Amino acid sequence: MEIEEFRKHAHDIVDWMADYMATVGERPVRAPTRPGDIADRLPPAPPEAPEPMSAILEDFKTDVLPGVTHWQHPRFFAYFPANSSPPSVLAEMLTATLGAQCMLWQTSPAGTEMETRVTDWLRQMIGLPAGFHGVIQDSASGAILCAILTARERATGWRTNEAGLSGGPPIVVYTSDQTHSATEKGAKIAGLGRENVRLIETDPETFAMRPEALEAAILRDKAAGRVPACLVANLGATGVGAMDDLDALGRIAAAHGLFAHVDAAWAGAALILEEHRHLLRGIERFDSFVFNPHKWLMTNFDCSAHFVRAPEDLIRTLSIMPAFLRSREGGEVIDYRDWSVPLGRRFRALKLWFVIRSYGVEGLRAILRRHIAWAERLEARIQASQDFELMAPRRLSLLNFRLRPAGLSDPEALDALNARLLEAVNDDGFTYLTQNRVAGRFAIRFQIGQTRTREEDVTAAWARVETIARGLAD
Ligand code: PLP
């Protein structure tokens, strides 16, 4: 494509992008397609001859868009957000244009030095103590894997990378029964085995890991000759947003020599708010921490901020040095390829730099405070309702609720009713919520975190849930 042709199409696409952002709220949130619908519209074989960009764009609109679930929709209340924002999108356009591969300092000094600077901005924004060093990972799962691998190496005297795992005593990872599956996945990939992940029981009211249960499990494993190696604590676990007591857990981890990691993938963003900083009490005993600006900080996926207290341990765990990756500056500079599993890395710091400068920390705080305030008001509505009940305490902007009509108390019947309600709400397309299990019972999750959401969107979505629920009862 000639440059002038690119310029023309780029202008057209930017116009389309602005229109999309302005009108995405008019689309169904969840793609109303059936499995295979989109694949049927895509030719099974690649085109031999070049095709004009106008035709490709037209097909994007007619054949692709109907199969897109709109994560940037103002009534997207499912999962956790993967929110974006105009400044972040502008930065992504520049990142794509530069096409820089930032594996070494030398392959993009600005990419590396900006990553160091903006992750330190984030560290200050969320109140992590000095002494934590940041790196941008592709995902929280990647950061958790790095934590488990580092823990494994530390626990085996840095021998496993050399000799493999065969023959030694089992190496154990501790986390709560609320934890995201990324921890089990990390343990599997690290060769520790799922059987060596302890899902420690949580308090039935708060869903926080019970410290005494953690200690008891560690002691049991030690007595059986196993090697307790890693703790993954939660700030904002996926289901009900469980917050572990870092102070209590960190003391136990330190006493038993565990590598201690915090998974704050979603809730970490809320630490930019002074009123939630108390959640970090005890962080000084932890070795690493992750949160995803790509969830709730207006920054496009992927952008996971991973902080480690001892980069040398992470580097020792992951570093490889073939001749073709040596550089003149090695040793004097940071080569982030040694801080993550993939070798290649995009210039992800740029979008953070755009977002933080464009909103200012104050602007970001204002958005998150609004989301939390709207969730508080929705919580009050559910508490006052005759027909609905909360299934767990609200955490920040996350709620779990269910429909419970008067006179219906059979747990199985309530599960089935709520599963039908959720399906009907999501098929309707006006809003999008996700399911959960709380203490074994079906619950519906409602999280507020979209960049473009207004309070009217929350109230309209709730009104739609109520209407659909009334329809089910009739
Ligand atoms: N941890 C928590 C608490 C999460 O909610 C999620 C995903 O939603 C993850 C980890 C995994 O995140 P990622 O997709 O960045 O690997």
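# Close-up views of the predicted model

**View A. Arg 309 lies over the face of Phe 132, 4.3 Å from the centre of the ring.** A charge counts as sitting over a ring if NZ of Lys or CZ of Arg is within 6 Å of the ring centre and within 35 degrees of the ring normal. A further case is Arg 464, whose charged end is placed over the ring of Phe 430 at 4.0 Å from its centre. The model is predicted, so local features need pLDDT of at least 70 and side-chain atom pairs count only at pLDDT 80 or more, while totals for chains, interfaces and linings use all residues. Residues are numbered from 1 along each chain as its sequence is written, and side-chain values use heavy atoms, with hydrogens and water left out.

**View B. His 9 is shown within helix H1, which covers residues 3–23.** Helices (H or I, at least four residues) and strands (E, at least two) are DSSP runs, numbered from the N terminus. His 9 is buried, because its relative accessible area is 11%; buried means under 20%, exposed over 50%, and partly exposed in between, with a 1.4 Å probe and protein chains only. Leaving aside residues up to four places away in sequence, His 9 touches Met 1, Met 53 and Ser 54, where contact means heavy atoms within 4.5 Å.

**View C. Trp 16 and Phe 60 form an edge-to-face aromatic pair.** The whole structure holds 15 aromatic pairs. Rings of Phe, Tyr and Trp (its six-membered ring) pair if their centres lie within 6.5 Å; planes under 30 degrees apart are stacked, over 60 edge-to-face, and the rest tilted. The centres of Trp 16 and Phe 60 are 5.3 Å apart and their planes stand at 75°, which is why the pair is edge-to-face. It links distant parts of the chain, since Trp 16 belongs to helix H1 and Phe 60 to helix H3 (residues 53–64), 44 residues apart. Trp 16 is partly exposed, at 23% relative accessibility, and Phe 60 is partly exposed with a relative accessible area of 31%.

View D. Elsewhere, one aromatic cluster consists of Trp 71, Phe 76, Tyr 79 and Tyr 432.

**View E. Strand E7 (residues 304–308) is mostly covered, with five of its five residues buried.** In a regular strand the side chains alternate between the two faces of the sheet. In E7 both faces are covered: Ser 304, His 306 and Val 308 are buried on one side, and Ala 305 and Phe 307 on the other. E7 runs antiparallel to strand E1 (residues 133–137), joined by five bridges, and Gln 137 stands opposite Ser 304. E7 is also antiparallel to strand E6 (residues 288–291), with four bridges between them; there, Phe 291 has Ala 305 as its bridge partner.

**View F. E7 belongs to an open sheet of seven strands with mixed pairing.** The order is E1-E7-E6-E5-E4-E2-E3, and two strands pair if DSSP finds at least two bridges between them. E1 and strand E3 (197–200) are the edge strands, each pairing on one side only. On average, neighbouring strands are turned by 20° against each other, direction ignored; axes are lines fitted to C-alpha atoms, for helices over the stretch in contact, and angles run from 0 to 180 degrees between N-to-C directions. Strand E5 (residues 259–263) runs parallel to E6 with three bridges, and Asp 263 stands opposite Val 290 in E6. Helix H6 (residues 140–155) packs on the sheet, touching E1, strand E2 (171–176), strand E4 (227–234), E5, E6 and E7, and its direction makes about 175° with that of E5. Helix H9 (residues 211–223) packs on the sheet as well, in contact with E2, E3 and E4, at about 165° to the direction of E2.

**View G. The whole structure contains zero disulfides.** A disulfide is a pair of cysteine sulfur atoms within 2.5 Å. For Cys 102, the nearest cysteine sulfur is that of Cys 303, 13 Å away. Cys 102 counts as buried at 1% relative accessibility. For Cys 230, the nearest cysteine sulfur is that of Cys 146, 12 Å away. Cys 230 is likewise buried, at 1% relative accessibility.
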